[in-house]
Amino acid sequence: MNPDGAARGTRTNAHGVDLNRNFPYLWSPRYTNRTYFWPGPRAASEPETRAMMAFLDSLRPDLLVSLHQHFNAVDTGNGRTRVW
């Protein structure tokens with residue numbers, strides 16, 4: 001969903017927007033100083049966000065699972081963390 005960020009090795013797009021925080025649901029301008037987590041000037045301001053919203057609107061899934069992880073680790077829910 002973020003070709004510019006993937007090419008630069010960053011989570012933000014070419015406008016410096018964290019696309020994970022650009023979706024309308026619970027959007028907040030709390031990071032207004034353009035930090036690493038800046039949600040953009042307004043909800044769905046970025047073309048990547050609008051494209052994903054249009055795709056999901058056309059697909060109309062019954063369930064959407066958004067899996068985010070960091071440090072190459074997954075919390076398995078059994079008190080152990082798997083790292084690879």
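Where is the place of glycine 40 in the chain?

1. **Glycine 40.** This model is predicted. The place of glycine 40 is in the loop between helix H1 (3-8) and H2. Glycine 40 counts as buried, because its relative accessibility is 4% and the cut-off for buried is under 20%. Leaving aside residues up to four places away in sequence, glycine 40 touches Val17, Asn22, Trp27 and Ser45. Take valine 17 as one of them. Glycine 40 and valine 17 are 23 residues apart in sequence, yet their C-alpha atoms are 5.2 Å apart in space.

2. **Overall layout.** The chain has two helices and two strands. Read from the N terminus on, the order of the elements is α-α-β-β. Helix H2 covers residues 47-59 and strand E1 covers 73-75. Strand E2 covers residues 81-83. The chain has 84 residues, and 20% of them count as buried. Its accessible surface comes to about 6,600 Å². Carbon and sulfur atoms own 55% of that surface. Now consider contacts between residues at least 6 apart in sequence: 23% of these join residues at least 24 apart.

3. **Confidence.** How far can each part be trusted? The chain averages a pLDDT of 85. A score of at least 70 is reached by 77% of the residues. Among the elements, H2 has the highest mean pLDDT, at 96. Strand E2 has the lowest, at 57. Where pLDDT is low, the predicted coordinates should not be read in detail.

4. **Salt bridges.** How many salt bridges does a search of the whole structure find? The search finds two. Side chains of opposite charge can pair when their charged atoms come close.

5. **Cover around the network.** Is aspartate 18 buried or exposed? Aspartate 18 is buried, because its relative accessible area is 0%. Arginine 11 has a relative accessible area of 27%, so it is partly exposed. Arginine 21 has 28%, so it is partly exposed as well.

6. **The aromatic pair.** A search of the whole structure finds one aromatic pair. Its partners are tyrosine 36 and phenylalanine 37, with ring centres 5.3 Å apart. The ring planes stand at 80°, so the pair is edge-to-face; the cut-off for that class is over 60 degrees. Tyrosine 36 counts as partly exposed, because its relative accessibility is 45%. Phenylalanine 37 is partly exposed too, with 29%.

7. **A nonpolar patch.** Which residues make the nonpolar surface patch? They are Leu63, Val65 and Leu67. The patch spans about 390 Å². Valine 65 is found in the loop between helix H2 and strand E1. Why does valine 65 count as exposed? Its relative accessibility is 67%, and the cut-off for exposed is over 50%.

8. **Two positive phi angles.** Most residues other than glycine have a negative phi. Check leucine 26 against that. Leucine 26 is not a glycine, but its phi is positive, at about 60°. Leucine 26 is found in the loop between H1 and H2. Leucine 26 counts as exposed, because its relative accessibility is 69%. Next, check arginine 60. Arginine 60 has a positive phi near 50°, and it is a residue other than glycine. The place of arginine 60 is in the loop between H2 and E1. With 63% relative accessibility, arginine 60 counts as exposed.

Technical notes:
Residues are numbered from 1 along each chain as its sequence is written. Side-chain values use heavy atoms; hydrogens and water are left out. Patches are made of residues with over 30% relative accessible area and no salt bridge: like charges are joined within 9 Å, nonpolar side chains (Val, Leu, Ile, Met, Phe, Trp, Tyr) within 5 Å. Accessible areas come from the Shrake-Rupley method with a 1.4 Å probe; for residues, only the protein chains shown count as cover. A salt bridge is a side-chain nitrogen of Lys or Arg within 4 Å of a carboxyl oxygen of Asp or Glu. Helices (H or I, at least four residues) and strands (E, at least two) are DSSP runs, numbered from the N terminus. Buried means under 20% relative accessible area, exposed over 50%, partly exposed in between (1.4 Å probe, protein chains only). pLDDT is the predictor's confidence in each residue, from 0 to 100. Rings of Phe, Tyr and Trp (its six-membered ring) pair if their centres lie within 6.5 Å; planes under 30 degrees apart count as stacked, over 60 as edge-to-face and the rest as tilted. Contact means heavy atoms within 4.5 Å.
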